[in-house]
Amino acid sequence: MIPYSTQFIDDDDVRAVERVLRSDFLTCGPRVDEFEECLCNYCDSKYAVSTSNATAALHLSMMALDVGPEDEVWVSAISFVASANCARYCGATVRFVDVDPHSGNIDVYKLHEMLRDAEQNHKKLPKAVVAVHLSGKPCELRYLQNLKQRYNFALVEDASHAIGATYESNKIGKTIFSDVVVFSFHPVKIITTAEGGACLTDNEELAHKIRLLHAHGITHDPLEMQAENAAQIPGYYYEQLELGYNYRMSDIQAALGISQLNKIDDFLKKRRALAHDYIDIFKDLTDQGLVKLPQPDTEGFESSWHLYQIQVEHRDELYRTLRNKGVGAQIHYIPIYQHPYYQKQPYHEKLEGAEYFYEHTLTIPLHYKVNRVDQSMVASIIAAELDKLNAKN
Ligand SMILES: Cc1ncc(COP(=O)(O)O)c(C=O)c1O
């Protein structure tokens with residue numbers, strides 16, 4: 001089966017992990033600090049806190065932003081459930097925002113309408129908005145920033161798909177427009193640490209809170225302690241200041257992350273070339289209006305091409321045929337409000353853009369190990385199946 005995405009691990013990665021296994025630190029040690037520094041340098045961000053996965057990073061972001069049971073968090077309707085669950089972990093109510101039917105990214109105009117309506121009718125405004133850079137294509141960050149300033153909400157970029165993407169020539173991860181950016185390093189993503197994630201921010205206070213909360217809420221810094229004469233207290237002493245979690249990354253994961261980050265330019269170059277090749281390969285089908293491809297990159301606005309998502313009629317039939325023929329097509333995502341858990345929550349009505357996106361969108365393979373022969377095979381399976389289906393109708 002050609003997967004829709006998968007990791008690429010080479011001997012350097014294996015050696016990096018082996019060195020840690022033979023060292024004194026397996027858990028949180030020097031490689032974690034180094035990985036966080038590498039992330040800051042790569043994204044031109046001031047602070048990075050690595051985490052056990054992106055779900056944890058999203059939860060930490062919500063906690064650091066003081067999201068609680070009285071609050072609403074507004075979330076892009078098309079995403080993995082973690083984008084919404086993070087708010088529920090804090091007891092907040094999740095309200096879904098519709099998406100652009102073709103990109104699947106948050107529809108900023110509909111968000112604006114919802115905000116205007118909430119303000120005019122004295123309904124709750126969101127404490128935070130979670131915008132997902134779906135498939136690695138950046139959302140309209142400048143518009144979102146204007147709304148954030150006008151309606152005073154915190155903005156979290158769920159950039160689980162988007163390390164390496166650019167917006168106005170800045171790397172996603174530089175928090176110019178938002179409060180926190182979250183990355184995932186799950187194996188299907190651009191770089192991997194096996195499980196792993198990170199929060200990036202330029203806000204010192206948020207970074208400090210996230211760091212405290214990702215390690216049980218415990219401080220070892222005498223200046224933060226409540227005990228009198230903390231500075232003279234023996235080295236074993238620490239204090240728990242908040243109810244935190246164990247959401248730390250290990251040195252094993254971080255070493256893999258550093259080694260992977262060394263190759264990210266190569267990974268992105270390959271993904272961008274493959275995305276470009278699909279334009280050629282699908283030309284006949286796009287000319288006939290049978291397949292719609294994702295928008296290509298423009299100068300300064302580059303996707304990381306985590307997912308290659310095409311739009312078609314007969315999506316489910318194509319999905320089944322591709323899988324039967326060894327192509328790991330996938331669906332990203334079922335609108336979050338459709339899940340039984342969210343059907344029991346206050347906001348779960350159908351959203352037009354999300355429904356269209358869900359019914360028409362198919363993820364086809366794009367990753368470091370894919371080649372042009374694979375791509376042509378995928379396209380011919382799709383062409384043959386569409387021929388068959390269209391002849392029937
Ligand atoms: C958009 C999005 N957000 C969050 C997550 C959660 O990431 P993780 O598996 O690292 O917790 C994922 C994982 O697929 C995702 O796609």
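Predicted model: local features only at pLDDT ≥ 70, side-chain atom pairs only at ≥ 80, totals over all residues.
Good morning. Residues are numbered from 1 along each chain as its sequence is written.

Some conventions are needed here. Helices (H or I, at least four residues) and strands (E, at least two) are DSSP runs, numbered from the N terminus. Two strands pair if DSSP finds at least two bridges between them.

Let us turn to the sheet. Strand β5, residues 128-132, and strand β6, residues 154-158, are paired in the parallel sense over five bridges. Both belong to an open sheet of seven strands, whose order is β2-β10-β9-β6-β5-β3-β4 and whose pairing is mixed. Which strands stand at the edges? They are β2 (47-51) and β4 (93-97), each of which pairs on one side only. On average, and with direction ignored, neighbouring strands of this sheet are turned by 20° against each other. Such angles run from 0 to 180 degrees between N-to-C directions, and axes are lines fitted to C-alpha atoms, for helices over the stretch in contact.

Next, the helices that pack on the sheet. Helix α4, residues 82-89, touches β3 (72-76), β4, β5 and β6, and its direction makes about 175° with that of β3. Helix α7, residues 204-213, also packs on the sheet, where it touches β2, β9 (180-184) and β10 (197-201); the direction of α7 makes about 20° with that of β2. For contacts between residues, the C-beta atoms, placed from the backbone, must lie within 7 Å.

Helix α4 also meets α3. The axes of α3 and α4 come within 8 Å and cross at roughly 45°. The two helices are therefore oblique to each other, given that angles under 35 degrees count as roughly parallel, over 145 as roughly antiparallel, 65 to 115 as roughly perpendicular and the rest as oblique. On the α3 side, the contact is made by A54, T55, L58, H59, S61 and M62, and on the α4 side by A82, S83, C86, A87 and Y89. By class, this contact has seven nonpolar, four polar and no charged residues. Here Ala, Val, Leu, Ile, Met, Phe, Trp, Tyr, Cys and Pro count as nonpolar, Asp, Glu, Lys and Arg as charged, and the others, Gly among them, as polar.

The ligand brings us back to these helices. α3 (54-64) and α4 each supply at least two residues of the shell around the ligand. Which residues come nearest? Of the 14 residues around the ligand, they are N53, A54, T55, S160 and S184; a residue is near if its C-beta atom, placed from the backbone, lies within 6 Å. The shell comprises four nonpolar, nine polar and one charged residues.

A further helix pair is α5 (residues 108-120) and α6 (residues 141-151), which pack at an angle of about 10° with their axes 10 Å apart. They are therefore roughly parallel to each other. From α5, the contact involves V108, L111, H112, L115 and E119, and from α6, Y143, L144, L147 and Y151. Seven of these residues are nonpolar, one is polar and one is charged.

D66 is not a glycine, although its phi is positive, at about 60°; D66 is found in the loop between α3 and β3. Where does Y333 lie? Its place is in the loop between β14 (327-328) and α12 (340-343). A cis peptide bond, with omega of about 0°, joins H332 and Y333. Thank you.

Methods:
Contact = placed C-beta atoms within 7 Å.
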